[in-house]
Amino acid sequence: MPAYRIAWRPSQLTLLPGGSRMSARPRVRTFRRDDRDQLTDLVNSHLSAVVPGARLSVNSVLGSLERQPDEHVVDPWVVERATFVVESRHRVVGAAHLHRFTAGPEASDDYRDAGLVQWLLLTPPDDEDPEQSAEARAAADALTAACHAQLAAWQVRVAYADGQLPFAGVYGVPEQWPHVREALERAGFRPGEHAETVLLAPTSALPRAVPVPDDVALRRTLGPGGGVRFTAHRGTETAAYVELDTTLGRAERQAATGGTAELVDLAPGPGADDALLAGVLAEARAWLELAGVHRVLVGTDATDHEEIAQLRAWGFRELTTVSRGWRLQRSNVVR
């Protein structure tokens with residue numbers, strides 16, 4: 001298949017109604033190390049709009065520009081990375097991080113010879129301030145134009161966009177980032193059909209001391225996903241299990257309110273009911289309290305209303321719904 005050549009035009013300046021002053025001209029350039037503090041502030045402001053108290057250190061942000069150690073499958077397929085910032089009035093008001101994936105057979109079909117806007121972060125427009133709003137949109141369009149140009153230079157087969165930051169529960173395009181959604185849409189990206197809901201529960205809200213039937217034994221093991229698995233066994237059968245990723249404990253990946261774990265798998269076995277799953281969660285809660293973990297995150301299909309209702313009953317509350325599968329439409333691509 002021929003590579004895509006992406007057509008783009010730089011943003012034009014706009015004369016503000018009723019005034020003679022032109023909006024500040026945005027300037028897009030490659031990220032420099034001395035941008036690190038402003039970039040980290042931009043990352044953390046976007047994080048904290050999704051997950052309360054979420055923050056990353058400067059070192060964690062810088063490290064994520066070089067590799068994603070948690071992405072064991074996908075990250076080895078990345079052969080080139082690029083990071084851009086956009087300045088307005090001598091201040092970083094936006095940034096984007098891009099990946100180019102190998103064209104080799106080791107990559108899956110979706111990723112092979114693909115480009116990805118890993119994340120796009122922007123200062124949102126203020127509709128109460130026409131001048132700031134015009135400048136913010138001009139900066140956003142200049143940044144997405146630079147992303148188009150980089151994807152074109154890489155001659156990628158297909159281009160995707162996401163909002164995955166190196167913090168659990170922040171991926172896709174969260175509903176709290178309408179300014180990012182609008183910028184991507186203006187740039188020709190469209191979301192896929194899949195959406196996920198991210199929920200959070202204080203550990204203290206999880207079921208406590210739920211009795212399990214006499215014929216059920218609870219065991220704690222290392223799960224295949226690398227998390228701690230709590231399993232209810234009935235004889236030789238697995239009646240239900242819960243797996244938690246408690247390796248989010250590095251200081252730079254924690255919310256200000258304390259340690260966070262991620263519920264990565266929850267499954268009832270044959271004959272299991274909600275009461276049995278609650279018993280397994282109660283066992284997990286006791287372990288998390290001993291570990292000093294105060295909160296648990298989980299992501300689930302946004303259309304699975306039954307599971308969301310069950311999670312609510314166990315103390316979880318919805319943080320966000322994220323749209324996934326953003327892709328540059330062919331109408332915005334010239335061969």
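Leu120 is in contact with Ala95, Ala96, Leu143, Thr144, Asp162, Val180, Ala183 and Leu184, when its neighbours within four places in sequence are left aside. These contacts belong to a predicted model. Leu120 also has a place in the largest nonpolar core, where Leu120 and Phe189 touch the most other members.

**Nonpolar cores**

- The largest nonpolar core contains 54 residues. Helix H3, which covers residues 130–154, supplies the largest share of this core, with 6 residues.
- A second core is separate and has 27 residues, including Ala240, Ala284, Val296 and Leu311.

- Strand S2 (residues 78–88) and S3 run antiparallel and are joined by 10 bridges. Within this pair, Thr83 stands opposite His97 in S3.
- S2 and S3 form a hairpin with 2 residues between them. Arg89 lies in the turn and has a positive phi of about 55°.
- Strand S3 (residues 91–101) is mostly covered, as 9 of its 11 residues are buried.
- S3 also pairs with strand S4 (residues 114–122), in the antiparallel sense and over 7 bridges. His97 stands opposite Trp119 in S4.

**The open sheet of 8 strands**

- An open sheet is built from 8 strands in the order S6-S14-S8-S13-S12-S11-S10-S9, and its pairing is mixed.
- Strand S6 (173–174) and S9 stand at the edges with a single partner strand each, so one side of each is left without a neighbour in the sheet.
- Inside this order, S8 and S13 pair in the antiparallel sense over 7 bridges. Val198 has Gly299 in S13 as its bridge partner.

**Ala205 in a loop**

- Where is Ala205 placed? Ala205 lies in the loop between strand S8 (195–202) and strand S9 (217–222).
- Ala205 touches Arg285, Trp314 and Gly315, not counting residues up to four places away in sequence.
- Ala205 and Trp314 are 109 residues apart along the chain, and their C-alpha atoms are separated by 7.1 Å.

**The largest pocket**

- The largest pocket holds about 1,500 Å³ of space. It is lined by 49 residues, and the closest to its centre are Gln68, Asp70, Glu71, Gln164 and Tyr171.
- The lining of the largest pocket comprises 20 nonpolar, 15 polar and 14 charged residues.

**The second largest pocket**

- About 290 Å³ of space lies in the second largest pocket. Its lining has 16 residues, and those nearest its centre are Leu266, Leu277, Glu307, Gln310 and Trp314.
- Strand S12 (259–268), helix H5 (274–291), strand S13 (293–301) and helix H6 (305–313) are the elements that give two or more residues to this lining. S12 provides the largest share, 5 residues.
- By class, the lining of the second largest pocket divides into 8 nonpolar, 3 polar and 5 charged residues.

How values were computed:
Residues are numbered from 1 along each chain as its sequence is written. This is a predicted model: local features need pLDDT of at least 70, side-chain atom pairs count only at pLDDT 80 or more; totals for chains, interfaces and linings use all residues. Side-chain values use heavy atoms; hydrogens and water are left out. On a 1 Å grid over the protein atoms alone, a cavity is a set of points where a 1.4 Å probe fits but cannot get out, and a pocket is an open set with protein on both sides within 12 Å along at least five of seven lines; lining residues have an atom within 4 Å of a point. Grid points are joined across faces, edges and corners, and a volume is the space filled by probe spheres set on the points. Ala, Val, Leu, Ile, Met, Phe, Trp, Tyr, Cys and Pro count as nonpolar, Asp, Glu, Lys and Arg as charged, and the others, Gly among them, as polar. Helices (H or I, at least four residues) and strands (E, at least two) are DSSP runs, numbered from the N terminus. A nonpolar core is a set of buried Ala, Val, Leu, Ile, Met, Phe, Trp, Tyr and Cys residues joined through side-chain atoms within 4.5 Å. Buried means under 20% relative accessible area, exposed over 50%, partly exposed in between (1.4 Å probe, protein chains only). Contact means heavy atoms within 4.5 Å. Two strands pair if DSSP finds at least two bridges between them.
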